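Dear colleague,

Please find below the structure that I am handing over to you. My notes on what was found in it follow directly after.

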Amino acid sequence: MPRSRGGGRSGQEAGRTELVSRSLQSAQHCLASRDFGTAYAHYLLVLSLAPELRDDVKETFQYTLLKWAEELYSLNRVQDLFGCYEHALELFPDDEVICNSIGEHLFRMGFRDEAAGYFHKAVKLNPDYTDAKENFYRVANWLVERWHFIMLNDTKRNMTYNSAIQKVVRLGCKTVLDIGAGTGILSMFAKNAGAHRVYACELSKTMYELACDVVAANKMETGIKLLHMKSLDIDVPKHIPERKYVNRIELIPFLQDFRNGLFGEGIVESLIHAWEHLLLQPKPKGKDGNCEEYGQVIPAGAVVFGMAVECSEIRRHHRLDVQDLAGVHLPANVKFQSLAYSSIDSEETIEPYTTEKMSRVPGGYLPLTESFESMAVDFNNLQELKNLATKKPHKMIIPVIQEGVLDAIVVWFVLQLDDEHSLSTSPHEETCWEQAIYPVQNLPDYFVKPGDHVTMEVSCQDCYLRIQNIHIINADHEMDVERSSNKNEEESHALGSEAELCSALAGLQTSKPDEIRQLCTLESTEIALLNNVPYHEGFKAAMNKVLTSLAPSKQSQIMDVEDGGGEMNSGNSQGGNSIHFTTDPFYVLDVSEGFSILPIIAGTLGLVKPYSSVEKEQHRLTLDLISEANHFPKDTLEFWLRHVEDDCAVLQRPKSDKLWSIIILDVIETSGLIQQEMMEKAAISRCLLQSGGKIFPQYVLMLGMLVESKTLIEENAVQGTEPTLGLNIAPFINQFQVPVRAFLDLSTLPCIPLSKPTELLRLDLMSPYLNDSNREVKVQICKSGQVTAIPFWYHVYLDEEISLDTSSETSHWKQAAVVMDNPISVEMGQELVLIVQHHKSNISITVKQ
């Protein structure tokens, strides 16, 4: 019997070995035929039967998994997709490649918190895994917004909040609720002040987990209960279990998310819910009594201020300033407006404002009015909070004190934490806050001068502060305005009161504007791009050179067409008749991001069939109207996404037997970073070009310089425990710092240049053999100091003679900077060697030691 059992085991082992061998052969055969699903199933069988082969088949298994996952994703088989990853993680629980791939799919589907967790795990498993690092850096900006670092480094803000919290706890408020806890800093202030019970709710999974780590590190986990939820979902006693204290519980929402526009973040809604369901009744005005008997909110209230300004930087991002671009006329019946349009009916916008740090806005700003109080609100008054959302808009009339162009209403607030402590977010204060910007749009004339008045309506409809219906009453035409308001003659007199000024609004426009056929809503960067004249003129000149070099004979044919000698598409033709190609056209494809009129500019250059890759139907209708206004023959402009089944497959031949003459790619994001997968797109594009065809841009030079900037350091990482008043927060939130800071304006960045601009990198889209993914650059120090950052920007070469500077005043691009982990002391005349590495779209710059 023993021998029999041994023989059985031997036979089973031989059978297992045979099955594993056959499964491996089948997996390899399936891989060769690109049957990734079956190959994946075979590898699962192999690894379950022979786990000792894990290391031998690991790389091939990873490849198979990633290919099969892409196929499942394209088929929208999401459940099967994550089922595969689940099996893979059981076999390889600490595999950084698998973790990174899961994160990529989660991020594509909008699960940023979960994606960040896998990216973070991949980086921890392998700190040198470049793909995971790049993914984590990009998602970190979404998960832990940069204002967290700035706010935590704002010592004055933290000290003021701490003082107000200490005061109210000493007066008897011993139970605290922190709404939107973030890192938990205010909860810890309350616990240190002597609060008996502190509850902190945070919706973001990433911030909740971060707060848990921070609270534990500061040894307060027993005194602070963290809730991963909205305050609106908190139920007493389900989540806050002191049922017997429900009528005596004091809950103080420490709303630290007051930023920029004041009433964003659902703050009003959260306050109303807290008063109705969580707080004791507020203390009646003028009534004395123990604080323990009443609920209280910190901050207690706010006063909102505004000011009308002239600001060319705001103007070029929110108002179209040009009517003709590189020979293309933008018709009056097409109206462009930015997303920060304050119409309550707009479906395109969530927040009716944008934000700026006005003290650092390029070109500065000019106050056109005195600052004015637009609203005051008491957060300890439930009825007042309820009235905010239903109150009719309040009309305001503000006198102009300075001649200029009305570009925006700048808004800030003073937070009244209590009757003793306050914080101002004014542009004149050095604080962590930006200001809210309400761009002025849709006026017939924006010029104002002393004696004029700016009128507006202020409201808090849908819980956002709205400033809308902005108009100008011109002092020189008050009598005309009054007459146009259909008043009786005996009522006509110089306008003197606010009521009379308001009643005159209806007659401000004496002539009707051209009928608007299409309203086109754009991102602010897209409007800035339309206002970028050198950009469009540069592209026109570069495209013209390529087309001329490709077929000089066709250019002479174009001249014949313009003289009436034939039927051929010419964008300069003024006729409205349908014109057909009599010979093959040049094919031009624009796959730049967002709204672009470059295909229409290409169409003005003669025998061209331009293709646009805009996605929104609203943008397609707009481009059609612009084409019509420029007398393009019908259907000259094609929208490429209508011709391809997959948006990802936009780089294809125009027709089965044709190639592109020009392909326009976006190489640089408006943030100042290199577009993801750019070199891969360029490689595909080179295969789709006809002989002599070009990719635009043809190459890009990255320039940079060494600077000393305290601002960049403080905006990138929390600087120890001093700004957080001794609390240990920095090591935890600094895990989410990124080495590259994007969306910078170098012209106003507070910094000291320590070197001259130096070429750091060349990215050649047409001649990839000229690229170097790893190079050393010598930089001469021209001023002694400490190198804390390396700002960088680009010269985008359309050809050898025509280039665009992403740091110019007219640029729609921002700039970026690599922020050093540790400052490096340098002396004038010293030479520093930088190691510049480029991997996919990720740039790393380190100093050679």
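The lining of the largest cavity consists, by class, of 10 nonpolar, 1 polar and 1 charged residues. In this classification Ala, Val, Leu, Ile, Met, Phe, Trp, Tyr, Cys and Pro are nonpolar, Asp, Glu, Lys and Arg are charged, and the others, Gly among them, are polar. The residues concerned are Tyr535, Phe539, Ser592, Ile664, Leu665, Asp666, Val667, Ile668, Pro697, Val796, Leu804 and Trp813. A cavity here is a set of points, on a 1 Å grid over the protein atoms alone, where a 1.4 Å probe fits but cannot get out, and lining residues have an atom within 4 Å of a point. The space in the largest cavity is about 80 Å³, and there are 4 cavities of 30 Å³ or more. For these figures, grid points are joined across faces, edges and corners, and a volume is the space filled by probe spheres set on the points.

Please note that this is a predicted model, in which local features need pLDDT of at least 70 and side-chain atom pairs count only at pLDDT 80 or more, while totals for chains, interfaces and linings use all residues. Residues are numbered from 1 along each chain as its sequence is written, and side-chain values use heavy atoms, with hydrogens and water left out.

The peptide bond from phenylalanine 696 to proline 697 is cis, with omega near -5°. Proline 697 lies in the loop between strand S24 (689–696) and strand S25 (699–704). Helices (H or I, at least four residues) and strands (E, at least two) are DSSP runs, numbered from the N terminus. A cis peptide bond is also present from isoleucine 298 to proline 299, where omega is near 5°. Proline 299 belongs to the loop between helix H12 (267–277) and S4.

For the protein chain as a whole, the model has 24 helices and 35 strands. Of its 849 residues, 53% are buried; buried means under 20% relative accessible area, exposed over 50%, and partly exposed in between (1.4 Å probe, protein chains only). The accessible surface of the chain is about 38500 Å², and carbon and sulfur atoms hold 48% of it. These areas come from the Shrake-Rupley method with a 1.4 Å probe, and for residues only the protein chains shown count as cover. Among contacts (heavy atoms within 4.5 Å) with a separation of 6 or more, 75% are between residues 24 or more positions apart.

Which strands does S13 pair with? Strand S4 (residues 301–310) is joined to S13 by 9 bridges and runs antiparallel to it, with glutamine 416 of S13 as the bridge partner of glycine 301. Strand S15 (residues 435–439) is also antiparallel to S13, over 4 bridges; there, valine 411 is partnered by alanine 436. Strand S14 (residues 422–424) pairs with S13 in the antiparallel sense over 3 bridges, and leucine 423 in S14 is the bridge partner of leucine 415. Two strands pair if DSSP finds at least two bridges between them. S13 and S14 form a hairpin, with 5 residues between them. Strand S13 (residues 408–416) has 8 of its 9 residues buried, so it is largely enclosed by the rest of the structure.

Strand S17 (residues 453–459) is likewise mostly covered, with 7 of its 7 residues buried. In a regular strand the side chains alternate between the two faces of the sheet. In S17 both faces are covered: His453, Thr455, Glu457 and Ser459 are buried on one side, and Val454, Met456 and Val458 on the other. S17 is joined to strand S11 (residues 394–399) by 6 bridges in an antiparallel arrangement, histidine 394 having valine 458 as its bridge partner. Another antiparallel pairing over 6 bridges links S17 to strand S18 (residues 466–473), where arginine 466 is the bridge partner of serine 459.

Finally, two residues other than glycine have a positive phi. Asparagine 76 has a phi of about 60° and sits in the loop between helix H3 (54–74) and helix H4 (78–91). Asparagine 76 counts as exposed, because its relative accessibility is 62%. Alanine 326 has a phi near 50° and is placed in the loop between strand S5 (324–325) and strand S6 (328–329). Alanine 326 counts as buried, because its relative accessibility is 10%.

With kind regards

Conventions
1 Å grid on protein atoms, 1.4 Å probe; cavity = no way out; pocket = protein on both sides within 12 Å on 5 of 7 lines; lining within 4 Å.
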